[in-house]
Amino acid sequence: MAKGIVVLDFGGQYAHLIANRIRRLQVYAEIRSPQAAVADLEDADGLILSGGPSSVYAADSPVFNPEIFTMDKPMLGLCYGHQLICHQLGGSVEPGDTMEFGAAQLRVKEPRGVLAGLEAQELVWMSHRDSVQKPPEGFSVLADTDDCPVAAMGNEARRIYGLQFHPEVTHTVSGMEILDNFIGLCGCERTWTMERYIETSMAQIVAQTAGRKVFLLVSGGVDSTVCFLLLNRALGEDRVLGLHIDNGFMRKGETALVERLMQESGFENLKVVDASSDFLKRVEGVADPEEKRLRIGEEFLAVRDRALIDLGLDPEEWLLGQGTLYTDTIESGGTDHADVIKTHQNRVGVIEQLLAEGKVVEPLDQLYKDEVRALGEKLGLPHHLVWRHPFPGPGLGVRVLCSDGNEPQEDLGPVEEKAAEVAARYDLQLQILPLRSVGVQGDSRTYAHPAVVSGDCDWEKLELLSTELTNLFAEINRVVYLLGPEERPVQRIKPGYLTRDRLDLLREADAIAMEGLERHGLMQEMMQMPTVLVPLSADGVQESVVLRPIASSDLMTARFCRLPREFLEDIRDRLLALEGIEAVFYDITHKPPGTVEWE
Ligand code: XMP
């Protein structure tokens, strides 16, 4: 690896946030297993021990190599990592039953080491149960909070530090300064830039392909487009072939746009096929989100293989290119401790096999989304293309919620009653919707019900209520706000699958929403705004749509956006005027607990 920081992953998606933040400070960082041999960590300038949901006392706590603690390297433990350092080096950790979660005031007693330059009071983000009571010998307490006697500790001679809070999340105001201080202690070189990345990854592409050629699917999204450009630059147009498959899950006019953009960029090595009928057939009658993903992923490969034959390409000579990002590999359970949140389409069975055979070229698999954008700009992609909202590989296939039309088996009445009482405290009405969507809680995937609330649009209240509901009730993993009509008719779930007419309806709704964002100058105010079609209907024919605008820098976590009233009223009216749409909702769930896509 390039010299830099190794983040040891003790579970939780946050290991990635840490690595991403370190890279923003221009230092290379990568994630490794805590079971790594000491010899394999020698190249690191410093180690960060990530947080994780476990307790050092738990029988199933993550397995690690204890020799790590004998290494003469700067070390920073965060949350679980902090407790582990304490436990391993002879301090005391007190088990806790209740969770401390949220903002806390840190009292900095000694602004030294990783806390150098901080104010006496700092706002930090906490999320833990156990806590350090007494640091190990040789360590001093650098900071505390009301609930945490050892919120930060350090042994300056050994350059080992532990923090109970999370400097990697943006809620910790001076988080980046703290990480910057640690990098300084490690003596890292700040050489991680996209210029450098272009050079090294081009060399890697040339080496891996060893004279062979690369074939890749180009969806039109940023990742695959940047991947296509990088491959073209590394191998030349003759050794790269892009295929754009219209899978039937594209946005309105998307395929035509991709063709035009590529022509304007001067690429002639991009082919387009319309395979929408094949895809629709493959997902006929399927309602389960994971099953849909799997089938769409498999169909991509089937269409690709047929295209390879039609194009007369020898599979031995052509490798498969993919614009997979670092995070895509992890959400599919890429490290020891990350649970499978959901199967990424670039990680379905057949591709795993090709990967094992070294037949997949993924030049972006070390990058985070923000880095891919920076890379795209460096490669000369037009600004508006680089900044397009990300669009998932399975496209509208994960935005058309499907159902066999059966009401949920469990009796949601008692939960709904209790949840409605909570909502009433905010002067809002609540109902639980009789369908389920995908979410993420802790480090696991959830599949539970959205609650719909209606009443005054007071963002503060809506945000508090949404968080409270999803914390209190396991049955609720999402909360939506009713935009219109003012009086929602009694809606029931209706059968609905991935059919062309439903996709066409969503395409129209999505086009209205996107055009609205452009016209109101809001496109860059958010990372993404999926429009989702849900089979909720009063008359058994019409359906409902959900707007899901989110702000996020890395897509591992996201916040719902508060959009201006004029925009919402405008879009609501246009959507309700669309034939086939009878209600419009607005998703007010952060990620976690709600994922971006409803699936
Ligand atoms: P979730 O729903 O997991 O989405 O919160 C996070 C981000 O990933 C995108 N996404 C995908 N992108 N192939 C992709 O290329 C996929 O299978 C896929 N699934 C989700 C989603 O749009 C969001 O930006």
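Colleague: Are Trp 459 and Tyr 586 buried or exposed?
Modeller: This is a predicted model, in which local features need pLDDT of at least 70 and side-chain atom pairs count only at pLDDT 80 or more, while totals for chains, interfaces and linings use all residues. Residues are numbered from 1 along each chain as its sequence is written, and side-chain values use heavy atoms, with hydrogens and water left out. Buried means under 20% relative accessible area, exposed over 50% and partly exposed in between, with a 1.4 Å probe and protein chains only. With a relative accessible area of 16%, Trp 459 falls in that class, and Trp 459 and Tyr 586 are both buried.

Colleague: How are the rings of Trp 459 and Phe 560 arranged: stacked, edge-to-face or tilted?
Modeller: Rings of Phe, Tyr and Trp (its six-membered ring) pair if their centres lie within 6.5 Å, and planes under 30 degrees apart count as stacked, over 60 as edge-to-face and the rest as tilted. The structure holds 11 such aromatic pairs. In this one the centres are 6.1 Å apart and the planes of Trp 459 and Phe 560 stand at 45°, so the pair is tilted.

Colleague: How many residues apart are Trp 459 and Phe 560?
Modeller: Helices (H or I, at least four residues) and strands (E, at least two) are DSSP runs, numbered from the N terminus. Trp 459 belongs to helix α14 (residues 459-472) and Phe 560 to strand β26 (residues 559-560), so that the pair links distant parts of the chain, 101 residues apart.

Colleague: Which strand holds Tyr 586, the partner of Trp 459 in an aromatic pair?
Modeller: Phe 560 is buried, with a relative accessible area of 6%. Trp 459 also forms a tilted pair with Tyr 586, at 5.3 Å centre to centre and 45° between the planes. This pair again links distant parts of the chain, 127 residues apart, with Trp 459 in helix α14 and Tyr 586 in strand β27 (residues 581-587).

Colleague: At what angle do α4 and α11 pack?
Modeller: Two packed helices are described by the angle between their axes and the distance between the axes. Axes are lines fitted to C-alpha atoms, for helices over the stretch in contact, and angles run from 0 to 180 degrees between N-to-C directions. Helix α4 (residues 194-209) and helix α11 (residues 369-378) have their axes 9 Å apart, and their packing angle is about 80°.

Colleague: Which term describes α4 relative to α11: roughly parallel, antiparallel, perpendicular or oblique?
Modeller: Angles under 35 degrees count as roughly parallel, over 145 as roughly antiparallel, 65 to 115 as roughly perpendicular and the rest as oblique. With about 80° between α4 and α11, this makes the pair roughly perpendicular.

Colleague: Which residues in α11 do Met 194, Glu 195, Tyr 197 and Ile 198 in α4 meet?
Modeller: Contact means heavy atoms within 4.5 Å. Met 194, Glu 195, Tyr 197 and Ile 198 meet four residues of α11, namely Glu 371, Ala 374, Leu 375 and Lys 378.

Colleague: Which residue in β14 stands opposite His 244?
Modeller: Strand β13 (residues 240-246) and β14 pair in the parallel sense over 5 bridges. Opposite His 244, β14 places Val 272.

Notes: Two strands pair if DSSP finds at least two bridges between them.
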